[in-house]
Amino acid sequence: MDLTRDDVAAITGGRPVGPAAVARGFAFDSRTLEPGQGFLALRAERDGHEFVAAAFARGAALAVVERVPDGVDGPVVVVDDVAVALRALGVAARDRLEPASVVGITGSAGKTSTKDLTAAALAPALRVHASSASFNNEIGLPVTLLDAPTDAQAVVLEMGARFAGNIAELCAIARPSVGVVTHVGLAHAEYLGGPEGIARVKGELLVALPADGLAVLNADCERVDMLRALSAAPVLTVGTGRTADVRTSDLRVDAELRASFRLESPWGVAPEIRLAVRGAHQVANAAQAATVALHLGVPLDAVVAALAAAETATWRMELIESDDHVIVINDAYNASPSSMRAALETFGRLAPPGRRIAVLGEMLELGPIGVDEHARVGDLVADAGVAALVTVGAGTDELAAAAKARGVEVVAVADRDAAVSVLRTMVLPGDAVLVKASRLVGLEAVAAALLAGDGSTS
């Protein structure tokens with residue numbers, strides 16, 4: 001979406017300084033900014049004003065700032081608060097996207113995969129724009145809207161939350177007409193008030209839907225009835241039970257962990273949908289994506305073909321065999337009780353020539369329930385037929401103890417470098433290694449080291 005310097009000033013109430021300019025989308029990281037984009041000097045862990053000059057050096061068209069940094073003479077718009085200005089820009093971008101359908105996706109797990117699969121399922125019939133990576137907060141969502149072309153017919157947005165009211169704020173910007181809640185689990189339970197609080201926060205998306213919109217809910221989620229009651233829009237449930245409006249069955253997983261399934265829907269039956277993404281848990285995500293696409297007019301056969309080719313973001317059940325014949329499954333992007341269960345259940349379906357080995361770190365932000373949930377993961381490790389477990393860092397004592405009590409060989413290490421050192425002596429050709437933890441643990445570096453064979457995570 002193109003915005004002139006004066007457009008930005010008018011929308012934000014800011015003061016234009018310097019020559020005229022036109023920005024084609026916006027970025028908040030000077031390292032990833034593309035020439036022609038505007039730069040948002042946000043203050044977070046670091047002050048974005050320190051990088052305005054670098055942004056202009058990379059080709060920024062203009063910058064939105066609270067003060068003009070010394071030595072910067074490019075076109076800028078000076079505002080009182082860049083974060084507030086970004087929200088106003090996001091609202092203006094959404095206004096310019098009418099009459100596009102905006103799809104909001106939230107849930108305790110599977111948001112990014114469902115977002116990617118939904119965008120792919122819509123693409124055969126509509127001009128689609130979707131969030132990059134996991135741009136799901138008060139910064140990423142308005143930036144996604146600003147990056148959307150004005151002729152987009154569908155915009156797919158991921159919505160995350162750590163506190164009550166987060167999703168309501170995002171909906172006030174995005175004004176979704178279709179809402180998807182992947183499921184209600186325990187991610188961020190420490191901050192959201194346990195399962196009931198999580199359901200209420202995820203339900204903020206449903207409250208925001210218009211009466212002529214659509215809510216897509218997981219029929220297999222135990223809080224589906226609570227969520228349904230929050231929506232003024234019609235509801236379609238998706239799941240394995242016979243009462244689901246859109247039903248999945250005949251689940252199969254091949255030797256490379258790619259799932260296939262049968263889909264029965266109000267728009268017809270697809271006897272087999274074969275997914276390119278890995279994991280049995282992706283069936284629920286794909287079925288919800290298909291429901292959105294079918295509702296918005298994409299033919300069923302086109303949805304089936306699109307899902308067969310669709311990929312999702314990095315570090316989510318990536319399966320790669322190293323040069324020394326070790327199978328590495330990198331699912332290190334994040335971890336919650338439900339996503340740990342899904343990863344381990346899928347891992348248990350893999351039949352490597354050698355052993356199954358898991359490298360697991362802490363699931364963060366669970367609060368008081370964390371002790372019991374980590375112990376449950378230890379049992380899941382054993383249930384999956386894992387022969388050896390490497391636990392990484394603090395917060396994994398209960399996980400290690402539960403797995404050890406079930407007969408799993410357990411090695412506890414302090415950090416990811418130590419994990420790699422242990423794995424170098426443990427892993428043999430033919431073994432399969434699953435790597436998973438919460439985002440801040442950074443275990444994707446362990447997966448990279450195993451594949452590189454260099455023994456270092458740096």
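The points below go through selected sheets, helices and residues of a predicted model.

1. Conventions. Residue numbers start from 1 along each chain as its sequence is written, and side-chain values use heavy atoms, with hydrogens and water left out. Because the model is predicted, local features need pLDDT of at least 70 and side-chain atom pairs count only at pLDDT 80 or more, while totals for chains, interfaces and linings use all residues.

2. The five-stranded sheet. An open sheet has the strand order β2-β7-β6-β5-β4, with mixed pairing. Its edge strands, β2 (15-17) and β4 (26-27), each pair on one side only. Helix α1 (residues 5-12) packs on this sheet and touches β2, β4, β6 and β7; the direction of α1 makes about 15° with that of β7. Strands here are DSSP runs of E with at least two residues, helices are runs of H or I with at least four residues, and both are numbered from the N terminus. Two strands pair if DSSP finds at least two bridges between them. Axes are lines fitted to C-alpha atoms, for helices over the stretch in contact, and angles between N-to-C directions run from 0 to 180 degrees.

3. Strands β6 and β7. β6 (residues 62-65) and β7 (residues 76-78) run parallel and are joined by three bridges. V64 has V77 in β7 as its bridge partner. The loop between β6 and β7 holds R67, which counts as partly exposed at 43% relative accessibility. (Buried is under 20% relative accessible area, exposed over 50%, partly exposed in between, with a 1.4 Å probe and protein chains only.) Leaving aside neighbours within four places in sequence, R67 is in contact with D47, H49 and V78, where contact means heavy atoms within 4.5 Å. The C-alpha atoms of R67 and L209 are separated by 38 Å, the two residues being 142 apart along the chain.

4. Helix α11. What is the span of α11? Twelve of the 14 residues are buried, so α11 is largely enclosed by the rest of the structure. Just after this helix, G297 takes a positive phi of about 100°.

5. Residue Q288. This residue lies in α11 (residues 282-295) and is buried, with a relative accessible area of 1%. Not counting residues up to four places away in sequence, Q288 touches T114, V180, V181, T182, V216, L217, N218 and V238.

6. A β-α-β unit. β20, helix α15 (residues 397-405) and β21 make a right-handed unit. Right-handed means that, with the strands pointing away from the viewer, the path from the first strand over the helix to the second runs clockwise. Five bridges join β20 (residues 388-392) to β21 (residues 409-413), and the two strands run parallel. L389 stands opposite V410 in β21.

7. Helix α17. Buried residues in α17 (residues 444-452) are E444, A445, V446, A447, A449 and L450. Their cover includes β18 (327-330), β19 (356-361), α16 (416-426) and β22 (432-436). Just after α17, G453 takes a positive phi of about 75°.

8. Cysteines. A disulfide is a pair of cysteine sulfur atoms within 2.5 Å, and the count comes to zero. C171 is buried at 4% relative accessible area, and C221 counts as buried at 9%.
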